[in-house]
Each structure stands twice: as structure tokens, then as C-alpha cells.
Amino acid sequence: MSIVPNSSILRPRDLALLLLASGDLRPRKRARDQQADRAGLEIKRRILEQVVALDPEPEALEAALIKMIDEMGPPSGPIRAVAAVVRDEWQVACSAPEWVSQLLSEAVNNSADRPKTATGGNRENRD
């Protein structure tokens, strides 16, 4: 069953931009090797950036994710798992607008926390 919101309210591209800006793609501070965490977050970043670039219609998101899995190549298991998470987050966004509001708040806070460049713009911190 596919959940599709009113496309005039939220598009998959909008959600992808919010997730990219929200700080969701930063590894948590843990006392263990985070190489696998970073690899998964990088896959998610790539998928979200492709969703932004493709700007699929809400009803075409799942097909776009399947195409991305095929295009990214092996190993497809981790990519498929992350694509499923992105699809699930889309479904949550469709049914829980308060979560979208929380992401927007996090994105604004993260933007304010980033150091300013010499030209006045924000510079992303990447680990």
C-alpha cells in the first residue's frame, strides 16, 4: 500500500532536502568504530541527493528508488536497505506532519550552528 500526500503540500524532493539539512546524516558520537555507520550514511546521502536531482512525483518515488538501486550497482543489499528506509520515511512524512515540522526545525537549527564562511554563507562541517 502506497501512501501519497497532496503533492502541493510535500514532495519527495522536499523531504530529501529536509533530511539532508536536518543533521540526520551525521554519525552519532559513540565509543566504537563507526566505519559501517559512515558508509550507510554516505549511501543515504547519495540516495537523497539523487531524489533531489530527479524530483520524482510522489507516486513515482518507489520506482525512482528501485532505479537508483540498479544504477548504484553492487553490493545492492545495503543500498536496497537504505532505499527502503527513505521510502519508509516518506510514508511517515505523509502520515505525520509533526515529524516534518521537527525536521524543519532541526534543519533551521543546524543551519544556524554552521560556521560562516568569509562571504557570509554557511559552510557544512563534514566528518
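Colleague: E59, buried or exposed?
Modeller: E59 is exposed in this predicted model, because its relative accessible area is 57% and the cut-off for exposed is over 50%.

Colleague: Where does E59 lie?
Modeller: E59 sits in the loop that links α2 and α3.

Colleague: And what separates the C-alpha atoms of E59 and R11?
Modeller: Their C-alpha atoms are 9.7 Å apart, although E59 and R11 are 48 residues apart along the chain.

Colleague: Which residues of α3 are buried?
Modeller: Buried in α3 are L61, A64, L65, M68, I69 and M72. These residues cover an arc of only 145° around the axis, so they fall on the same side of α3.

Colleague: Which residues are exposed on the other side?
Modeller: A63, D70 and E71 are exposed there.

Colleague: What follows α3?
Modeller: G73 does, and its phi is positive, near 75°.

Colleague: New topic, the core. How many residues are in the largest nonpolar core?
Modeller: The largest nonpolar core has 26 residues. Those with the most contacts inside it are L15, I47, V51, L65, M68, I79 and W90.

Colleague: Which helices supply at least two residues of this core?
Modeller: α1 (12–21), α2 (35–54), α3 (61–72), α4 (76–95) and α5 (97–113) each do. α4 gives the most, with 7 residues.

Colleague: Take V51. What is V51 in contact with, leaving aside neighbours within four places in sequence?
Modeller: V51 is in contact with P12, R13, A16, P56, L61, L65 and M68.

Colleague: Zooming out, how many helices and strands does the protein chain have?
Modeller: The chain has 5 helices and 0 strands. From the N terminus on, the order is α-α-α-α-α.

Colleague: What share of the residues is buried?
Modeller: Buried residues make up 33% of the 127 in the protein chain.

Colleague: And what about the accessible surface?
Modeller: The accessible surface of the chain comes to about 8,000 Å², and 52% of that belongs to carbon and sulfur atoms.

Colleague: Last one. What percentage of the contacts with a separation of 6 or more comes from residues 24 or more positions apart?
Modeller: Such residues account for 64% of those contacts in the protein chain.

Definitions and conventions
Residues numbered from 1 in each chain as written. Predicted model: local features only at pLDDT ≥ 70, side-chain atom pairs only at ≥ 80, totals over all residues. Heavy atoms only, no water. Core = buried A, V, L, I, M, F, W, Y, C linked by side-chain atoms within 4.5 Å. Buried < 20%, exposed > 50% of the residue type's maximum accessible area, 1.4 Å probe, protein only. Helix = DSSP H or I, 4+ residues; strand = E, 2+ residues; numbered from the N terminus. Contact = heavy atoms within 4.5 Å. Areas by Shrake-Rupley, 256 points an atom, 1.4 Å probe, with all protein chains shown as cover. Arc of directions from axis to C-beta.
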